[in-house]
Amino acid sequence: MAGSAKSPLEELAATTGRGFPHLMGAREQTAGGLEDRRARLASLRHDSDTSVVLMGSWGRAEVTGGSDDDFMVLIDGPDRKVAPSIAEVRTVLDRAPGDQGVFGDRVSCDDLVDNIGLDPDKNTNLTRRMLFLLESVPGTAEDVYSAARKRVLGRYLDESTKDFRPPRLLLNDTIRYWRTVTVDFAAKEHAGSAKWGLQNAKLRTSRKVLFAGGLLPIFGCANLERGAMFGFLNAQLDMPPTDRIARAFLEQDAADTGARALGAYDQFVGLLDDKNLRQRLENLTRATAEESEVFAEVRLLGSQFEAGLLALLFETEPLSKLVRDYGVF
Amino acid sequence: MEQLRGDWTAQVAAAWAVSPFAVELSVLSETELGSFNDYLATAPSLPFRYVSIHGPSKERRLGEEELVVELLRLAGWADAIVMHPDTIEDPRPYRVLGRKLLIENMDGRKAWGRTHEELAQVFEELPEAGFCFDIAHAWSIDGDMTVSEELLDAFLERLGQVHVSSLTSELRHVPLTEVHKELFRPVLQRCLDVPWILEAPLRPT
């Protein structure tokens, strides 16, 4: 996002004449907040192989008034006590991380790289790895962050990767993660989650941004020789997921569809930025959602967003062929 | 589908045989409202992901507000209610339909409601309403498809569904011809994410 070159989202806006005011506003808020948090985090002593990584809406460049300071202390090596400690990071960040046990913890890159699949790849490890790849930004020590991401990507682009085919291991793990998110949503509801409304709303919208923002670059690798995939994916992951999605719509000659899809998502981000509406969403249960105007709005926006993504994946070439060949089996 | 008019169960079955994705149930004549209400009274489980209902444009007898009451009731069954703008005398009562209301562009025979400038006046009165793009209607005004492009440029965000067919010289909807398939392709490429309603059966392949 450096320099004055237009981002893919800005290009989509220019092509279609449809602005994305809430997304662009959230990007500004993210940039401002990131500068502030980086300055504060820089005051903490760091071991040479640690980086404080900001996750979630920070990684999507979608920070709004209600966003948490989700973070992890990443160690580009084995797990051990490091500086900064979790407690030290908490003292300088405004808002405590979510309570899923995924954030606000020390994370060893060795675990992310060495434990892909099988029993050691627990739900938390898979979630951290995917969120690190797909929606994170360095809060400190960008060099450590970049080196760790390269290790994870390198592990995914293993010897099974072939020229002009989507990298299977990364594709399968990304799909596995999306399905895990959906299954875990049901499990949280079964366990009596107090945040059903907001979780449901995010499943319809920002979780799909996360998934599509991973899936589309992976399918983009089908245009490349094996040796070019690493650089391509690394560059894609430097962009927020909404840019990866906007780029795909532009490349697939589906700008109008992209403008409607991301326009719906833009409205959702605007809705989340409204404290009152967000609160109403948080308080919803499955029983009360049917009578809720704000939930009806979220459902409509989610449907429009999904319709755009489905059209991109199933109605444009060569994506539809790639999805058919690699998306199911 | 002409021979099935009035037999809603048969129409739904015929539509489902084409696609389980979307259907438009056309109550084009106000006289069909009775049989349609009888059908809905059986509480049918419609096997589609998207259901639109085309409101009456012929044999209108009900006053504007009475018709809107009927449409509002039908809206409970549907994702969208499609109306012809030239049959709307006073748009204001229709506002209660919110975003479920879709306004369709008219063909070259009609005096009004054909172009983006004319439809913009309707949307000014119905700010929440969406747009039902009838590509054959737009073609009937301008065979080089400029009107189509202008409509999609103007109402990009309002687009809710598309009507797809060809038209005879008398402007009757007929199955899409090979010539129109190619001519319409770049325009329809702009509408990939919304339901396409076939206004005439598919040609046998």
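In which helix of chain A is Ala26(A) found? Select Ala26(A) to see. Its place is helix α2 of chain A. Keep in mind that this is a predicted model.

**Stop 1: around Ala26(A)**

Ala26(A) is buried, because 26 other C-beta atoms lie within 10 Å, and 20 or more count as buried. Now show its contacts. Leaving out residues up to four places away in sequence, Ala26(A) touches Ala61(A), Glu62(A), Val63(A), Thr64(A) and Val269(A). Pick Thr64(A) next. Ala26(A) and Thr64(A) are 38 residues apart in sequence, yet their C-alpha atoms are 5.9 Å apart in space.

**Stop 2: the two domains of chain A**

Zoom out to chain A. Colour residues 15-156 as domain 1 and residues 162-329 as domain 2. Their C-alpha centres lie 20 Å apart. Where they touch, domain 1 of chain A gives 26 residues and domain 2 of chain A gives 33 residues. Select α1 (8-16), α2 (21-41), α5 (123-134) and α6 (142-156) of chain A. Each supplies at least two residues of the domain 1 side. Colour that side by class: twelve residues are nonpolar, eight polar and six charged.

**Stop 3: Arg114(B)**

Move to chain B. Select Arg114(B), in the loop between β4 (101-104) and α4 (116-125) of chain B. Is Arg114(B) buried or exposed? Arg114(B) is buried, since 23 other C-beta atoms lie within 10 Å. Not counting residues up to four places away in sequence, Arg114(B) touches Asn105(B), Met106(B), Gly108(B) and Ile141(B). Last, pick His54(B). Arg114(B) and His54(B) are 60 residues apart along the chain, and 18 Å separates their C-alpha atoms.

Conventions. Residues are numbered from 1 along each chain as its sequence is written. Chains are lettered from A and ligands numbered from 1 in the order in which they are written. This is a predicted model: local features need pLDDT of at least 70, side-chain atom pairs count only at pLDDT 80 or more; totals for chains, interfaces and linings use all residues. Domain bounds come from an automatic or database domain assignment. Two residues are in contact if their C-beta atoms, placed from the backbone, lie within 7 Å. Helices (H or I, at least four residues) and strands (E, at least two) are DSSP runs, numbered from the N terminus. Ala, Val, Leu, Ile, Met, Phe, Trp, Tyr, Cys and Pro count as nonpolar, Asp, Glu, Lys and Arg as charged, and the others, Gly among them, as polar. A residue is buried if 20 or more other C-beta atoms lie within 10 Å of its own, exposed if 12 or fewer, and partly exposed in between; C-beta atoms are placed from the backbone.
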